[in-house]
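Me: Hi! Could you walk me through this model, starting with the ligand site?

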Amino acid sequence: MSQPEQTPPEQPPAPSHPPTALKADDPLPPPIVTTPKCIIRAHHPSDITRMQRAADNPAVAKYMSYRFASPYTLEDARRWLDLAATLKAPGTDILTCYAICEPGTSAYLGGIGVQTRTDVEAGTFELGYWIGQDSWGKGIMTEAARGFTRWVFDTFPSVVRLEAGVFSGNEASVRVLKKAGFVYEGTRRKAAVKHGVAYDVMVFGLLREECIRN
Ligand SMILES: CC(C)(COP(=O)(O)OP(=O)(O)OC[C@H]1O[C@@H](n2cnc3c(N)ncnc32)[C@H](O)[C@@H]1OP(=O)(O)O)[C@@H](O)C(=O)NCCC(=O)NCCS
């Protein structure tokens with residue numbers, strides 16, 4: 001017997017994106033990490049233009065996954081801001097993805113964050129980061145990675161390990177990780193294929209007790 005047809009209650013149309021946590025006229029969020037060369041804070045709607053300009057560069061996207069759009073439009077930036085406002089560590093109200101900004105002006109330079117895992121790997125968070133090409137080679141990501149990894153271990157007591165995967169050829173990223181104390185653990189051969197090119201992915205790990213604290 002068929003079910004009687006039910007008329008759904010009147011509802012407003014679903015928004016295409018979840019709402020951003022902050023509004024444009026909200027104050028900038030306070031830093032979670034402060035170093036001489038950068039601050040790290042939650043994203044703010046006013047970051048959109050600088051984020052899009054910094055991200056819309058094939059040299060930045062080259063060693064990133066397809067989730068990092070290229071070309072990178074204002075709509076991509078808006079979608080990321082909306083999503084990042086919802087990404088929280090399991091069982092907490094703490095965001096996992098942040099903006100790297102200039103000290104003083106708080107102008108957006110790049111992004112850093114962790115992806116959480118589940119089940120027996122719940123104690124491992126995966127680190128990811130990028131910064132606009134104008135800012136490369138100034139030691140900014142080295143400071144950001146050190147400060148952020150410390151913050152992660154201090155903020156999430158159940159995390160025992162941070163992990164990062166680097167495409168073969170991304171020597172700057174390898175340097176950043178090594179200077180933040182990460183240890184090379186092995187290579188997943190041809191683990192990433194991007195635009196038809198197969199990349200080996202080097203795996204780096206940082207245990208809580210290895211985190212650089214000075
Ligand atoms: C990787 C990245 C984050 C580095 O940021 P950065 O702020 O320029 O890094 P730093 O200035 O702190 O340090 C870079 C280090 O790499 C070295 N480096 C830069 N380019 C290099 C290259 N082609 N080969 C070898 N080393 C290189 C620098 O000399 C420096 O090392 P040193 O301090 O020992 O001299 C930046 O290049 C980037 O955003 N790239 C695009 C996105 C990306 O690849 N993200 C990482 C994915 S795993």
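Predicted model: local features only at pLDDT ≥ 70, side-chain atom pairs only at ≥ 80, totals over all residues.

**Ligand site and surroundings**

Reply: Happy to. Residues are numbered from 1 along each chain as its sequence is written, and side-chain values use heavy atoms, with hydrogens and water left out.

Me: Which side chain has an N or O atom 2.8 Å from an oxygen atom of the ligand?

Reply: That is the side chain of N170. A polar backbone atom of I131 also sits 2.9 Å from an oxygen atom of the ligand.

Me: And how much of the ligand's accessible area does the protein cover?

Reply: The protein covers 71% of the 960 Å² that the ligand has on its own. Those areas come from the Shrake-Rupley method with a 1.4 Å probe; for residues, only the protein chains shown count as cover.

Me: Which elements give two or more residues to the shell?

Reply: They are strand 5 (124–131), helix 4 (140–155) and helix 5 (171–179). Helix 5 provides the largest share, six residues. Helices (H or I, at least four residues) and strands (E, at least two) are DSSP runs, numbered from the N terminus.

Me: How many residues surround the ligand, and which are the closest?

Reply: There are 20, and the closest are G137, G139, T142, R175 and K179.

Me: Switching to aromatics: how many pairs does a search of the whole structure find?

Reply: Twelve aromatic pairs. In the pair F68 and Y72, the ring centres are 5.3 Å apart and the planes are at 45 degrees, so the pair is tilted. Rings of Phe, Tyr and Trp (its six-membered ring) pair if their centres lie within 6.5 Å; planes under 30 degrees apart count as stacked, over 60 as edge-to-face and the rest as tilted.

Me: Is F68 buried or exposed?

Reply: F68 is buried, at a relative accessible area of 10%, and Y72 is buried too, at 6%. Buried means under 20% relative accessible area, exposed over 50%, partly exposed in between (1.4 Å probe, protein chains only).

Me: Which residues do ring pairs link into a cluster?

Reply: Y98, F125, F148, W151 and F156.

Me: Now the backbone. Which residues does a cis peptide bond join?

Reply: S70 and P71, with omega about 0 degrees. P71 lies in the loop between helix 2 (58–61) and helix 3 (74–84).

Me: What is the phi of K190?

Reply: K190 has a positive phi of about 50 degrees, although it is not a glycine. K190 belongs to strand 7 (residues 183–194) and is exposed, with a relative accessible area of 60%.

Me: And what about H195?

Reply: H195 is not a glycine either, yet its phi is positive, about 45 degrees. H195 sits in the loop between strand 7 and strand 8 (197–207), and counts as exposed at 64% relative accessibility.

Terms used: Near = heavy atom within 4 Å. Polar contact = N/O pair within 3.5 Å; in protein donor to acceptor, adjacent residues only side chain to side chain.
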